[in-house]
Amino acid sequence: MIIKGIARYYQDKGKHIITSCIEHPAVLHTCQVLEKQGFEVSYIGVDEEGKIKLEELVNAIRKDTILISIMFANNEIGTIQPIEAISEIAKKHDIIFHTDAVQACGNVPIDVQKMGIDALSLSGHKLYAPKGIGALYVRNGIEFERFMDGGHQERNKRAGTENVAGIVGLGKACELANQNLQSHTEHLKDLREHFILQVQEKIPEAKLNGARENRLPGNANFSFPSIEGEALLFKLDEKGICASSGSACTSGSTAPSHVLTAIGLPSEFAKGTLRITFGEENTKEDVDYLVAELVKIVKES
Ligand SMILES: *Cc1c(COP(=O)(O)O)cnc(C)c1O
């Protein structure tokens, strides 16, 4: 809605968009469609921790750049981007800055004013709201073309009668997330650190992907050399453990994800990648059970 909307509204000013090569398909595929429609897109690379290369971003800026869209935090490897540095660069060049904050909302404090964010998208089900509802923040003064035609709901920006139950659910979820942010993130961080330290101790050949510091509190992502990720998932599933080999949105594919490729992970590692995401209801006992089963599976492989 926002990427296409901004592209179409500001196309007379320019047809160049900058994003990163580790975005979620929600952004990547949208940019690819825009490329087919005459827009040009620069995909900025990341370092081995998954952090955007700021110099490359600056160098990619052109006179006709109308939008920078960089995700707040990565869904696969959990890396949190230097959002304020990116927004400063965008502001300096008078370019609109949008961030896909779907992973960050509810897990990281966000202040669109302080951080200089012009547009932000979030999805309800990632912060315990119902599925099928999300929110888009757009700073006053920024325009975008509507992506569907019909009634004049939502200030003429999104046709169709609103999903009131979903909206109320999202509002409540945001209220709770805001109230509990500190205890929630501390709980997730404790679980994550407990998990990471135990894996590093018991499976020393495992490689932790993503940033060590600027990382989503509940995200852990490990690669195990010469292990097939899918097989690992099946075996964990048999033990009642739900995990992912990479992105939940591209599961079913055995090729290493675009994110693992972008951080330069060698293919013997990339194939055996496991993404574990902890949630509110998980406990330390869950982590111990997970580690015990994981160690057994890896040693048997
Ligand atoms: C889940 C996710 C999306 C897509 O949101 P849905 O509402 O599930 O389609 C977009 N970006 C990121 C970073 C995500 O994690």
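Domain bounds come from an automatic or database domain assignment. For this protein, the assignment gives domain 1 (2-178) and domain 2 (182-300), and their centres, taken over C-alpha atoms, are 27 Å apart. The model is predicted: local features need pLDDT of at least 70, side-chain atom pairs count only at pLDDT 80 or more, and totals for chains, interfaces and linings use all residues. Residues are numbered from 1 along each chain as its sequence is written, and side-chain values use heavy atoms, with hydrogens and water left out.

**Domains**
- In domain 1, 25 residues are in contact with 26 residues of domain 2 (contact means heavy atoms within 4.5 Å).

**Residues around the ligand**

**Polar contacts and burial**
- A polar side-chain atom of Ser123 lies 2.6 Å from an oxygen atom of the ligand (a polar contact is a pair of N or O atoms within 3.5 Å).
- For an N or O atom in the side chain of His125, the distance to a ligand oxygen atom is 2.7 Å, and for one in the side chain of Lys126 it is 2.8 Å.
- The ligand taken alone exposes 380 Å², of which the protein buries 77% (areas come from the Shrake-Rupley method with a 1.4 Å probe).

Definitions and conventions: Polar contact = N/O pair within 3.5 Å; in protein donor to acceptor, adjacent residues only side chain to side chain.
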